[in-house]
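This report covers side-chain packing in one model.

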Amino acid sequence: MSLPTVTKGNNVDSSLQGAYQASPIKSMIYGRGTSKNLASIIETLGASRAFIITGQSLSTKTPVIKDIEKSLGNSHVGTFNKIAQHAPILAIREAKNLVRETRADVLISIGGGSPIDSAKAIAYQIFVETRIWIPTVAVPTTLSVAETTQNAGFTTEEKKKIAVSHPELVPKVVVYDGDLAVYTPTNLWTSTGIRALDHAIELLYHPLASEIPTKRLALTAISDLFTYLPLSLSDPTSPVHRQKLFLAAYASLFPFLYTGGVGLSHSMGHALGATYNIPHGITSCLTLAPVLELKARTQKEEAVQISRVLAYIGLGAEETGNCEVDARRVGREVAGLVERLGHKSTLIQYKVPPGEEVNIALHALVKGKEHPDFQNVVDIIHSLYGREEKSVM
């Protein structure tokens with residue numbers, strides 16, 4: 001379904017005109033212990049043969065997968081636990097074949113963005129082969145928020161991040177269980193929290209994001225992420241803090257149908273992550289603050305939206321009314337949060353070879369050198385190496 005032209009969002013400022021197109025998600029269930037109810041949850045979808053998609057760490061280093069397999073009982077028909085970071089296509093193909101062999105009628109993805117996107121990609125491949133959609137249920141254990149979108153990103157054999165997109169790929173049910181989240185390493189948990197922050201802030205200037213509910217929820221998500229990420233760092237075994245952060249993550253990318261990317265920080269993150277094997281959360285820790293600084297000085301309309309953040313992180317009284325100044329302040333506050341969480345880093349630390357600025361920018365920007373921000377992106381990437389030399393262009 002497409003929106004009428006007169007109501008389609010096409011402006012950064014959607015305060016007076018816009019449209020919200022709901023995604024086909026059926027329910028979001030949250031609370032400690034809710035993952036124990038997956039057998040009855042899949043019944044609501046008319047399914048009875050569940051196949052789990054997950055990664056090695058959750059299945060071999062925690063009781064999470066075994067406990068869920070047990071709770072599913074006879075509904076469990078298989079588990080694939082070879083999904084690695086950035087969802088490599090070879091693993092997706094292998095899992096797809098196993099899913100078809102078991103005649104599964106629902107996929108349950110458990111983990112971070114890679115298992116959730118992989119399950120969506122598997123469903124897409126099965127549809128291409130059979131013309132039948134198999135529903136997915138997402139049980140996140142990080143704050144990456146792949147569970148609310150119709151996009152399924154994965155990595156090709158050439159290490160390029162690409163995606164498929166269709167409304168049917170939105171998980172039909174999302175289950176947020178704070179008891180599962182405590183098994184996620186703190187470093188992964190808090191870095192993916194910055195990924196959620198990246199979603200929320202970039203949605204503020206996304207041309208398809210409506211004021212209600214998308215941007216208002218994004219602003220509350222920003223407030224909660226600034227509040228609860230430091231608390232979760234100081235008390236990493238608290239399922240309560242993690243449960244609150246799950247809700248903030250959901251609000252950061254509240255389900256709505258959109259096409260294309262989220263924003264420049266995300267595009268740069270995709271180029272860095274898949275090519276150089278940098279985790280999703282860390283890419284946002286690297287790119288978000290400098291992108292906000294760039295928007296502040298070059299895009300007034302977007303700077304106005306970014307400056308709204310100050311009121312939601314306790315700095316409303318310090319707003320100057322100058323959107324460039326205030327948006328720059330938001331960028332500094334984001335950088336400060338990244339540092340407080342222990343995620344300040346450089347590309348050198350992640351073994352990105354020197355001199356890759358142009359290649360990364362070409363991968364990040366659809367129009368390549370014709371993109372108006374090409375040189376700005378090259379300069380940002382250069383700065384992320386942590387060196388002071390003059391840019392390569």
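## Surroundings of Thr190

Leaving aside residues up to four places away in sequence, Thr190 touches Leu229, Leu233, Leu341 and His343 (contact means heavy atoms within 4.5 Å). Thr190 is found in helix α7; helices (H or I, at least four residues) and strands (E, at least two) are DSSP runs, numbered from the N terminus. With a relative accessible area of 1%, Thr190 is buried (under 20% relative accessible area, 1.4 Å probe, protein chains only).

## Basis of the values

This is a predicted model, in which local features need pLDDT of at least 70 and side-chain atom pairs count only at pLDDT 80 or more, while totals for chains, interfaces and linings use all residues. Residues are numbered from 1 along each chain as its sequence is written, and side-chain values use heavy atoms, with hydrogens and water left out.

## Aromatic pairs

A search of the whole structure finds seven aromatic pairs (rings of Phe, Tyr and Trp, the last by its six-membered ring, with centres within 6.5 Å; planes under 30 degrees apart count as stacked, over 60 as edge-to-face and the rest as tilted). One of them is the tilted pair of Tyr176 and Phe246, at 4.9 Å centre to centre and 35 degrees between the planes. Tyr176 lies in strand β8 (residues 173-176) and Phe246 in helix α9 (residues 239-252), so this pair ties together parts that are 70 residues apart in sequence. Tyr176 is buried at 0% relative accessibility, and Phe246 is buried with a relative accessible area of 0%.

Phe246 also forms an edge-to-face pair with Trp189, at 5.3 Å centre to centre and 85 degrees between the planes. Trp189 lies in helix α7 (residues 186-204) and Phe246 in helix α9, so the pair ties together parts that are 57 residues apart in sequence.

## Aromatic cluster

One aromatic cluster is formed by Tyr20, Tyr176, Trp189, Phe246, Tyr250 and Phe254.

Methods
Buried < 20%, exposed > 50% of the residue type's maximum accessible area, 1.4 Å probe, protein only.
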